[in-house]
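Visitor: I've got a model here that I'd like to walk through with you. Could you show it to me, and then let me ask a few things?

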Amino acid sequence: MARDPQGALIALNRFGFGARGGASGDIVNAASDPRGYVKAELARPQAAMLELPGLQATPELAQAMFAYQLEVRTAREAAAKAAPVEAKKKPEAPAMTGNTTMTVQPDAPKPPPAPMPQNVVQKTYRAEALARIQRATIAEGGFVERLVVFWSNHFCISASKGEPARMWAGSFEREAIRPHVLGKFADMLRAVEQHPAMLFFLDNQQSIGPNSRAGQNQKRGLNENLAREIMELHTLGVGGGYTQTDVTSLARIITGWTYVGREGRLGAPGTFAFNANAHEPGAQQLLGKTYDDTGVAQGELALADIARHPSTAKFIALKLAQHFVADAPQPALVARLEGVFRKTDGDLKAVVLALLDSNEAWQAPVTKLRTPYEYLIATGRLLARIPEDPNRYFAGLQALGQPLWTPAGPNGFPDSNAAWAVPEGMKLRLDLAAQVSSRIPDSMDPRELLEIVAGEAASTETRQTVARAETRQQALALLLMSPEFQRR
């Protein structure tokens, strides 16, 4: 088979995180069979799983978080009780006499305050983030990791919601997203909506059936947040054929879906639980179908049906094509992905294989701009730097507007050029490229790095720009801002 340099660049950038530096030979390996190179990742068993020592399951993390919160509250209460006693013990100032002379000593310089030790929530968030960044940095091509990032953003939570969301952001991705990125969409949907992180993020633990026993006793009612986002953002999409009445019906159906708190009244703390006392009794009409009151199974059946709805197939097909190919993908490509989704009952591996088999996905112009996360990961891969500390990634993502696992709302981070290819954003990318370039060792030759990035697919203009740079650092910064590196 003839070598395909341009196909190799598409394989690594459009479907992966870019070529790795060092002796990886990624661009050469991909050029021999670009489609086969990407597909090879899908054949690896457990390709998406991230199981490392020290990464704990959500229930274990919940126990640690609840213990920490109890410790903080106990210390706070003790300090509040001690404050009045300390005030009473305060000695009175000695009386001043006419012969008293005061000598005022200059204030000694105070040492800088010691940094506060990280609590268990901060330590967990950092460990989960580092594991994710390291996996993306070392992955051969990165297609599976790109799928993880896509689905994690599609079914997003935000770590800024509170301590449970920050504590569980990584375990949510590991438990609800990763096991299903090459499985069935319906299984992922159920895992996501029943995960404690999502239930907390969208307040479903506060949703009480008005006619349930808890609703009658507490005079509390529905919270429609989770039901609305399931339909609008997770499955059917805006204009997907549902009404506000359907949102309310789904909210009633999933009342009682909660997670177990510190007391463990409904099971092991930090696990999904169905609270029958909070569940709205009776059958419910949803999207033209009646769902009998079968407890937790009522909601699970409703989710399974929504996962198979034609609007869901269309919505997911469009989002995948927009993410990997173009903001306005060809309708024929979207229709093909939609058809595979419906024919295979939402088999996501079959859908992405159809994407890789389509000529449109390989022939579309390289116009999509890498997101900040993709840009930073690609930079680390090119320089062959496996991070031991996530701080620089945290700082870079914050500066570029994509803080890890912290979107501003339940719709996740934007996935379009209109969001990222703005003048201020490009200036910040250039600043970051200059900072990275200032730290490279003299042994790195930007011209050799360009060969690693793009090989024979590098344009004459980019080659000349890098070669004519005044310094090695300037050359690398220009490479990091080149179309071959920024676009996919």
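This is a predicted model: local features need pLDDT of at least 70, side-chain atom pairs count only at pLDDT 80 or more; totals for chains, interfaces and linings use all residues.

Visitor: Is histidine 279 buried or exposed?
Guide: Histidine 279 sits in the loop between strand S2 (272–274) and strand S3 (284–286). The cut-off for buried is under 20% relative accessible area. Histidine 279 has 6% relative accessibility, so the answer is buried.

Visitor: Which side chain makes a polar contact with the side chain of histidine 279?
Guide: Let's start with the backbone: the oxygen of threonine 255 is 2.8 Å from a polar atom of the histidine 279 side chain. Leaving aside residues up to four places away in sequence, histidine 279 touches several others, including Arg252, Phe274, Asp293 and Gln298. The side-chain partner, at 3.0 Å, is glutamine 298.

Visitor: Which helix gives the largest share of the lining of the largest cavity?
Guide: That cavity holds about 180 Å³ of space, and 17 residues line it, with Arg132, Asn153, Leu404, Trp405 and Phe413 nearest its centre. Helix H6 (143–154) and helix H7 (163–177) each supply at least two lining residues. The largest share, three residues, belongs to H6.

Visitor: And how many charged residues are in the lining of the second largest cavity?
Guide: The second largest cavity has a volume of about 60 Å³. Its lining includes Asn13, Phe17, Arg370 and Glu484. Sorted by type, the lining has five nonpolar residues and two polar ones, and the charged count is two.

Terms used: Residues are numbered from 1 along each chain as its sequence is written. Side-chain values use heavy atoms; hydrogens and water are left out. Helices (H or I, at least four residues) and strands (E, at least two) are DSSP runs, numbered from the N terminus. Buried means under 20% relative accessible area, exposed over 50%, partly exposed in between (1.4 Å probe, protein chains only). A polar contact is a pair of N or O atoms within 3.5 Å; within protein, one must be able to donate a hydrogen and the other to accept it, and residues adjacent in sequence count only if both atoms are side-chain atoms. Contact means heavy atoms within 4.5 Å. On a 1 Å grid over the protein atoms alone, a cavity is a set of points where a 1.4 Å probe fits but cannot get out, and a pocket is an open set with protein on both sides within 12 Å along at least five of seven lines; lining residues have an atom within 4 Å of a point. Grid points are joined across faces, edges and corners, and a volume is the space filled by probe spheres set on the points. Ala, Val, Leu, Ile, Met, Phe, Trp, Tyr, Cys and Pro count as nonpolar, Asp, Glu, Lys and Arg as charged, and the others, Gly among them, as polar.
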